[in-house]
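This briefing covers the interface between two protein chains. The sequence and the structure come first, then the notes.

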Amino acid sequence: MESLLVEKGLLSSDAVDLVSAVYENAVGPKLGAKVVARAWTDPDFKARLLADGTAACRELGISGMQGEEMIVLENTDDVHNMIVCTLCSCYPWPVLGLPPNWYKDPAYRSRVVREPRRVAAEFGLELPMEVEIRVWDSSAELRYWVLPQRPAGTDGLSEDELAALVTRDSMVGVAQALATSSRST
Amino acid sequence: MHGVHDLGGVEGFGPVVQEPDEPVFHDDWERVVFTMVQTLAIHGLFVSDKFRYGVEQMPAVRYLTSTYYEHWLFSLTKHAIDAGIVDADELADRTRYYREHPDEVVPPSSRPELVDRLRLMIEGDEGSRREVTGEARFAVGDVVRVLDHASVTHTRRARYVRGRVGTVLLTHGAHVFPDTSALEMGEDPEFVYAVEFLGDVLWQSDDRSANSRVIIDLWESYLEPVDHATTERSRSVG
């Protein structure tokens, strides 16, 4: 197929190179982490992010395909959010990059809406029964993602140091942000 | 359609398998498949709804036993053949040639115009939101039921919420309607709502879904209004 589409002018290796440059280098969870770290340190930005995720990300130069309309969900002591696409694999590419295989595989897609606590536990995330879990199934073109809670004991950290604590999994909702040094999940 | 892609709540898939330090693409061909989907979309072969419908038409057993980019390859190949962009015999011959010459690679090629259009696409387009003149039928807090009949073509009305009662949590404005867009029967934009379902309403009340909710985006014509008395009854039934 590749060779036929190249012959027909519908594909070129420099197009493949562009995809590689964008999604294997430029775009990935580091961008989402930058947004989260800003939200942790700037309450006004956080308010804008929760009100209009797309516009707030654009302030930091972050936008693009599969993120035309982004909605950011705030985790609190009482509510924990998780994202999924049970029908295919919708995922907020501009802030998280392309999804890992487990996000696209049947196990996660079938189970997280049915038994979110057990799924979270498989990622090492124990969610107490009193915490309400909200699982967001991205069935339309809105792209949801999670603003994790800022870890305790991070008051003195810079925005860059905070961003290093924000993992892909914490923005999907299958993990918390990293603690400063002790944990490595 | 009532297909195996519609996975919410299906039992029996076992643990979630994570891969430490997973690469973005696991092989060169995945990168090429990803790119082909984008360039064929640029060419106008499909919009995302039509592309997803192509994936859903993959034979069920193959869907469950193949990888994500194999799904993509199936859909793009189907659409390219259906549209006459590629001939099925020509594709079979070329595939055989590369199987018999495994060391041969497709030579490098350059199409600056295609790269420019791809770059624009990656930067994002107008999305699926459309301006419509009518008013939204439902408001935040309204109690709604998802229509229960099965669709035989593309839909985003996931099986696990069909017939279930939930509450409108957010209104998203009007968006392209996937059920018609996938069939190239028009964008027919409709209002979309994030509808919240209690775990106890979706599933049997058990520890597995305790204190959980699912929120899913649903188009207006997927929904019908419900009065609160009916809601309470439905919740007590579970």
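Strand β3 (132-137) of chain A is joined by 5 bridges to strand β4 (residues 212-219) of chain B, and the two run parallel. Strands pair if DSSP finds at least two bridges between them; strands (E, at least two residues) and helices (H or I, at least four) are DSSP runs numbered from the N terminus. Within this pairing, Asp137(A) stands opposite Ile216(B).

The model is predicted: local features need pLDDT of at least 70 and side-chain atom pairs pLDDT 80 or more, while totals for chains, interfaces and linings use all residues. Residues are numbered from 1 along each chain as its sequence is written, chains are lettered from A and ligands numbered from 1 in the order written, and side-chain values use heavy atoms, without hydrogens and water.

**Extent**
- The contact (heavy atoms within 4.5 Å) takes 72 residues from chain A and 88 residues from chain B.
- Chains A and B bury about 7100 Å² between them, 60% of it on carbon and sulfur atoms; this is accessible area (1.4 Å probe) lost on being put together, summed over both.
- Met1(A), Leu87(A) and Arg114(A) supply 12% of the area that chain A buries against chain B, more than any other three residues.

**Charged pairs**
- Between chains A and B the count is 9 salt bridges, each a side-chain nitrogen of Lys or Arg within 4 Å of a carboxyl oxygen of Asp or Glu.
- In a salt bridge, the side chains of Lys8(A) and Glu90(B) meet at 3.2 Å, N to O.

**Elements of chain A**

Terms used:
Buried area = accessible area lost by both parts, 1.4 Å probe.
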